[in-house]
Amino acid sequence: MEDYGSSEDDYCWYEYDSIELEDTEFQNDRAPSSKVITKASLLAAQKEDLQRVMDLLSLKEHHARTLLIHYRWDVDKVLTVFVEKGKDKLYAEAGVIVKEHDGLPSPQFPPSRVMCEICLEEVPGIDTTRMECGHCFCNNCWTEHFIVKINEGQSRRIRCMAYKCNAICEEGKIINLVEARDPNLAEKFNRFLLESYIEDNKRVKWCPSVPHCGNAIRIEDDEYCEVECACGQQFCFSCLCEAHSPCSCQMWELWTKKCKDESESINWITVNTKTCPNCCKPVEKNGGCNMRSKFKPWHLRPPSVNAVPVCSLLVNPDPILVCSPRASTSWKCGGAVNNHGAHGCGRYKEEHEKKTELAKTELMRYIHYYNHFKAHTDSFKAEVKLKAKMQAKISTLEVRESGSRDFSWVSNGLCRLFRSRRILSYSYPFAYYMFGGELFKEEMTKKGLEIKRNLFEDQQQQLEANVERLSMFLEEPFDGYSDDRVMGTRMKVINLTKLTDDLCKKLYECIGNDLLGPLQNQIHIIAPYRSKGAEKAEEFPGNDSTDNNALPGPPSKRFKKPEASSRG
């Protein structure tokens with residue numbers, strides 16, 4: 001079982017430096033729709049959305065922020081609710097009060113003495129604060145209320161203390177009261193308000209790089225996309241794992257878990273060992289006799305052997321050990337016997353045989369897809385080293401003043417090779433779950449599943465064959481060829497580069513239109529195909545008034561108790 005072990009290097013994707021494409025044939029991708037948000041640009045990004053709502057509804061900034069936090073910074077959602085339900089309903093759902101309460105008018109000058117309904121003490125009017133909802137309490141009660149809410153992780157939407165009042169307190173008054181008591185807590189509250197643009201915004205997520213680069217990424221369109229941060233980290237925006245299309249997020253999660261938890265090693269033990277009825281430990285047959293008193297109990301093996309993967313024990317013989325001197329069992333049926341001749345273990349048990357055969361079939365199926373997945377991963381790791389070799393070959397041809405002075409076909413071909421290897425590698429986990437009958441057994445008949453599997457594998461094999469040809473031509477020592485032969489290699493690489501790009505598109509179309517498209521349960525969605533790979537996010541224009549440093553990162557990496565978020 002060593003050829004498909006569960007080490008992380010075997011299933012995690014490996015980072016590589018991006019290669020810029022210069023040929024016009026790959027410039028058909030749309031302009032980047034994702035932005036990199038740093039500390040320098042966070043305030044500007046937040047104010048951009050705030051200003052849209054302020055202009056549309058003629059609101060103050062803190063009212064617009066309350067609305068957007070309630071609707072997770074989805075400006076389109078705010079506009080939709082405004083059009084469909086009206087302004088009053090929009091404000092009421094978000095706890096926004098834009099006018100004074102009719103029953104509790106706000107006096108121009110506070111009275112000399114006020115009875116606080118929270119602590120039931122009479123305090124000077126100047127020591128009270130009235131919120132926009134009209135409720136007035138003493139500053140001490142307000143401050144205690146705000147401190148408790150901030151420490152509980154509810155600082156983004158602190159409601160009024162009055163009974164059944166859903167109004168959100170004004171952030172300016174919260175900061176003034178808390179700052180007088182604890183300036184550090186007020187600063188933390190202010191920072192949470194600013195970073196709520198990332199924590200509560202479904203269009204903005206932290207870059208998952210480790211160590212964290214301090215950047216966040218904002219997208220404009222579909223969340224099912226693959227992006228590249230300014231730090232070079234490529235990831236799936238939906239699940240924050242490494243970019244894994246054409247594998248869906250759910251399939252990739254299942255695949256990585258399968259590779260991590262050694263479930264197939266357990267499956268191998270199930271198929272090739274049997275449980276001792278006396279001690280309930282798995283034992284392995286070591287000889288021709290079917291009496292289990294001659295078997296090697298798994299738990300009695302020497303520590304040096306027990307640490308070796310189960311399959312390697314077959315080539316590491318050790319003395320036969322007896323599990324129990326008084327327990328003789330049959331290997332064939334697992335029953336405990338005193339006289340094997342009188343034991344009827346020759347009876348056929350169809351259910352047991354079917355279960356064993358099914359486990360063996362599933363194990364071989366997993367090995368098939370894993371070995372192909374790992375083969376393309378290993379090929380990619382080897383081909384990454386080609387970048388330096390390609391630069392050396394180009395330098396040699398330039399010094400030689402070859403007839404062709406344009407060598408962009410080399411970098412384009414290399415980038416297409418990397419991209420295609422990545423797609424091929426992730427296409428095998430997709431195929432494992434797509435055609436395994438585990439996820440879609442109720443949505444496709446056996447015949448329909450077979451037809452779709454053949455369609456997919458035809459596309460996959462065409463792509464695989466041409467990727468291998470492209471790799472072969474790029475590895476040729478064309479820097480030593482004659483000018484005519486260099487031109488011949490150039491045309492072959494250009495043609496294969498274009499062909500593999502078209503085949504990748506067709507594979508994605510096959511998956512999206514023929515395989516996943518007709519399914520009723522639309523939870524398996526893949527990122528759209530891009531010739532140049534993951535979209536490189538552009539820098540968001542910064543604000544000169546802020547510090548030009550990276551953000552401190554997700555709250556979970558800064559505080560023991562992260563700020564509460566409405567994100568699922």
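Here are some questions and answers about how terms apply to this predicted model.

This is a predicted model, in which local features need pLDDT of at least 70, side-chain atom pairs count only at pLDDT 80 or more, and totals for chains, interfaces and linings use all residues. Residues are numbered from 1 along each chain as its sequence is written, and side-chain values use heavy atoms, with hydrogens and water left out.

Q: What makes a set of residues a nonpolar core, and which residues touch the most other members of the largest one?
A: A nonpolar core is a set of buried Ala, Val, Leu, Ile, Met, Phe, Trp, Tyr and Cys residues joined through side-chain atoms within 4.5 Å. Buried means under 20% relative accessible area, exposed over 50%, and partly exposed in between (1.4 Å probe, protein chains only). The largest such core has 56 residues, and Trp255, Phe430 and Met434 touch the most other members. Elements giving two or more residues to this core include helix H9 (249–260) and helix H14 (408–434). H14 gives the most, with 14 residues. Helices (H or I, at least four residues) and strands (E, at least two) are DSSP runs, numbered from the N terminus.

Q: Which residues does Trp255 touch?
A: Contact means heavy atoms within 4.5 Å. Leaving out residues up to four places away in sequence, Trp255 touches Tyr366, Tyr369, Tyr370, Phe373, Pro429, Tyr432 and Tyr433.

Q: How do you know what span to expect for H9?
A: The expected span of a helix is 1.5 Å times one less than its number of residues. H9 has 12 residues and reaches 16 Å from its first C-alpha to its last, close to the 16 Å expected. Its buried residues include Trp252 and Trp255.

Q: Why are E1 and E7 called paired strands?
A: Two strands pair if DSSP finds at least two bridges between them. Strand E1 (residues 34–37) and E7 are joined by 4 bridges, so they meet that rule, and they run antiparallel. Ile37 has Ala216 in E7 as its bridge partner. Strand E6 (residues 204–206) also pairs with E7 in the antiparallel sense, over 3 bridges.

Q: What covers the two faces of E7, buried or exposed residues?
A: In a regular strand the side chains alternate between the two faces of the sheet. For strand E7 (residues 216–219), Ala216 and Arg218 on one side and Ile217 and Ile219 on the other are all buried.
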